[in-house]
Amino acid sequence: MNKISALLLAGSLGLSACAGPAVAAEELVNAPASARIAKEGSGGLKTAIFAGGCFWGVEGVFSHVNGVKSAVSGFHGGNAASAKYDIIVSGLTDHAESVKVTYDPAVVRYDELLRIYFSVVADPTLKNRQGPDVGAHYRGALVPTSKEQAAVARAYIAQLGKSGLWSKPIVTAIEPYKAFYPAETYHQDFMAKNPRHGYIMRWDKPKVDALKALFPTHYRATFLRDAS
């Protein structure tokens, strides 16, 4: 078992709904390579959705992954009428803060994205929370967009459950795709636009640092921007 403890920087969390009281430092895990390799063919770009707490950090990590062509923060589930940030954070909708990742499987496969997700993005043993953020809208979930992705996700979660990497059960859900609604413009590329934001420094920059350390061949130094 190879675990790397994140060095989380102190500082003000700032005024944001993606924020909460400081809690114990997260522990990042070097998850094993998937035994089930994704076979996504040569049909061009693929899309998958990942929920793992505040979408700023999820987007930030995947925006630094080679082969990712787009990472858009938004909301999965619920309905269009309630897909607004100030409503989502009330916790009264079925939405989850999520990131829609478009990627080139010839460069990075879905199973490799899963490994990155479970290693540095989200703690799979936490239910309806990540880091300091609490509520069902911060749940950890995988949203496959194809039968192949769904099969790979199920196999990998089962593999991780037998790995002994975590002392608690894995509770990350696999949710069927419903609808994805992009978040407001100011949420897009939030880490790139606000690199010194207290929440980013405390919770999300360490995840990108861990991506670089654990997956140097997948790491891209330049943040992939989707919005101006």
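1. Arg-109 is partly exposed, at a relative accessible area of 26%. Asp-111 is buried, at 3% relative accessibility. Here buried means under 20% relative accessible area, exposed over 50%, and partly exposed in between (1.4 Å probe, protein chains only). The two side chains meet in a salt bridge, 2.9 Å from N to O. A salt bridge needs a side-chain nitrogen of Lys or Arg within 4 Å of a carboxyl oxygen of Asp or Glu. Glu-112 joins Arg-109 and Asp-111 in a network of salt bridges.

2. On provenance: this is a predicted model, in which local features need pLDDT of at least 70, side-chain atom pairs count only at pLDDT 80 or more, and totals for chains, interfaces and linings use all residues. Residues are numbered from 1 along each chain as its sequence is written, and side-chain values use heavy atoms, with hydrogens and water left out.

3. The structure holds five salt bridges. One of them joins Arg-139 to Glu-175, with the closest N and O atoms 2.7 Å apart. This pair links distant parts of the chain, 36 residues apart. Arg-139 sits in the loop between strands E7 (133–134) and E8 (140–143), and Glu-175 in the loop between strands E9 (173–174) and E10 (180–182). Helices (H or I, at least four residues) and strands (E, at least two) are DSSP runs, numbered from the N terminus. Both Arg-139 and Glu-175 are buried.

4. Helix H6 (residues 198–214) carries Lys-205 and Asp-209, four residues apart and so separated by about one helical turn. They form a salt bridge, the closest N and O atoms being 3.0 Å apart. Asp-209 is partly exposed, with a relative accessible area of 39%. Lys-205 is partly exposed too, at 33% relative accessibility.

5. Which residues have the most contacts inside the largest nonpolar core? They are Phe-50, Phe-62, Tyr-110, Leu-113, Val-120 and Leu-142, in a core of 58 residues. Helix H3 (residues 110–121) gives the largest share, eight residues. A nonpolar core is a set of buried Ala, Val, Leu, Ile, Met, Phe, Trp, Tyr and Cys residues joined through side-chain atoms within 4.5 Å. In soluble globular proteins, nonpolar side chains tend to be buried together.

6. Leu-113 is worth a look. Leaving aside neighbours within four places in sequence, Leu-113 is in contact (heavy atoms within 4.5 Å) with Phe-50, Phe-62, Val-65, Val-68, Val-101, Tyr-103 and Val-108. Helix H1 (residues 55–62) is mostly covered, with eight of its eight residues buried. Among them are Trp-56, Glu-59 and Phe-62.

7. There are nine aromatic pairs in the whole structure. Rings of Phe, Tyr and Trp (its six-membered ring) pair if their centres lie within 6.5 Å; planes under 30 degrees apart count as stacked, over 60 as edge-to-face and the rest as tilted. Phe-50 and Phe-62 have ring centres 4.7 Å apart and planes at 35°, so the pair is tilted. Phe-50 lies in strand E3 (residues 46–52) and Phe-62 in helix H1, 12 residues apart. Both Phe-50 and Phe-62 are buried.

8. Phe-118 and Tyr-156 make an edge-to-face pair, because their planes are at 65°, with centres 5.9 Å apart. Phe-118 lies in helix H3 and Tyr-156 in helix H4 (residues 147–161), so the pair ties together parts 38 residues apart in sequence. Both Phe-118 and Tyr-156 are buried. Ring pairs link Phe-50, Phe-62, Tyr-110, Tyr-117, Phe-118 and Tyr-156 into a cluster.
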